[in-house]
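Let us go through some labels and ask what stands behind each one.

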Amino acid sequence: MVRLTDSEKAMLDGAEGAAKQKAMALLVRYANALGAERFVDTNNIAGVPGSSSLFLKNYYKDHNGGDYNAIFSLYDLDSDEIVEVPKVSAYSCHLQGGMDPDNWMKMGQTQAAFDHFREDEAAVADHGVQILKTCTPYLAGNVPVKGEHCAWMESSAVVFCNSVIGGRTNTEGRESTSSAMLTGKIPDWGFHRDEFRYGTHLVEVEVPIETVQDWGMLGYFVGDVVQENIPVITGVTGQPNLVRHKHFGAAAASSGGVELYHVVGITPEAATREIAFGPRRPVATIKYGLAERRKTYESLNAIGSNESVDFVMLGCPHYSIEQLWEVSRLLDGKKLNSGVQLWIFTSRSVKSVADTNGYTKIITDAGGLLLTDTCSAISQAVPKGTKVVALDSAKQTHYLPAFMGIEAWFGTTKDCVDAALTGRWRGALA
Ligand code: F3S
């Protein structure tokens, strides 16, 4: 049973109001299910508090018309009683949402869905939650520090927080993050504790891992092999930058359930192999050589057969400004093939830099769209009639064709831009 401090007990007894009482009750149930003995304080939470689609609002319309309090009480707090939701107590941000705020029509959304989106967002902001609307909060102003206890949803953000930053979070859900926003508490379990953070599997890399595509493929391979365990990668030469980590982690969290990885000599809890494994011994040693690399590339391209591409989607996880700069250089002064649509996804804050730097104009002048808040997989939106998509993200390649019943090619950003300009897939493994 979880042990509560006096202030936690008081919250559970309703001293701070009904909503916090419900939130604390939910967290106590959660902690007991996990076997946690106590809570940790958290002041960094990323979730989707009280947020809803039009479908969800209509589903709850018999309860206060499905207003913010109703959705939050019934859905986030798992409470049959509808309570007044106060402003959040802990620093909180909203992750990705369901549509672009300006180009929602092009994404196939209705006026009613957009009106609800706006209303919903205003209610979330009103409760003190930062509207970052991205799967990359660490690129949009929410950067934890090493050792900081966080409560984040979104698998690609969780793995980045744990592995690259050394922050501490489990892959939380809507209910636990919304409850943590009200209470500032999360169970002291899993990745919050040192003993859960040591490596389990050794991955020996035998080929050069340099490009973003290399890192995406390695992540996809590693996730598939280790599933939800903790890989320790050795043999990497050079210094992967933020974008490479972003693509590696997102891929590993998609083909498997990796929430934390270590790269020896690079990530913050892996100065040496011994430190990365701590008291554990690797349960398995896995090699990643030329054959594994080729097989991974082929498996990511297994659902591509038609070389005629009609859609290119970039920005999974949401593109950084560096990636937008790269794409704008590839597109500068050019026009997309008339049969192809290009959608690039990023966060609102990164887009504002792209606007200032002229990258948005270059992309739109070429015939593409720079969108925010969401992505094709999350919103299940592709241009009408799409048959074949080109992607530079292993994560998006894992999900989008399955969700939308379309073919997909996976390659480098350059391969994808080339497909957008020519309408042909000409990517090949370098
Ligand atoms: Fe983000 Fe969508 Fe990929 S919300 S991580 S871009 S699946």
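This is a predicted model, where local features need pLDDT of at least 70, side-chain atom pairs count only at pLDDT 80 or more, and totals for chains, interfaces and linings use all residues. Residues are numbered from 1 along each chain as its sequence is written, and side-chain values use heavy atoms, with hydrogens and water left out.

Q: Where is Tyr 220 placed?
A: Tyr 220 is in helix 8, residues 212-226. Helices are DSSP runs of H or I with at least four residues, strands are runs of E with at least two, and both are numbered from the N terminus.

Q: Why is Tyr 220 called buried?
A: Its relative accessibility is 14%. Buried means under 20% relative accessible area, exposed over 50%, partly exposed in between (1.4 Å probe, protein chains only). So Tyr 220 counts as buried.

Q: Why does His 116 count as buried?
A: His 116 has a relative accessible area of 7%, so the buried label applies. Its place is in helix 5 (residues 111-126).

Q: What is His 116 in contact with, leaving aside neighbours within four places in sequence?
A: Ser 52, Ser 53, Leu 54 and Lys 57. Contact means heavy atoms within 4.5 Å.

Q: Why is the ligand said to lie between domain 1 and domain 3?
A: Domain 1 (6-192) and domain 3 (301-422) both give residues to the shell around the ligand, so it lies between them. The domain bounds come from an automatic or database assignment.

Q: Which element gives the most to the shell around the ligand?
A: Strand 10, with four residues.
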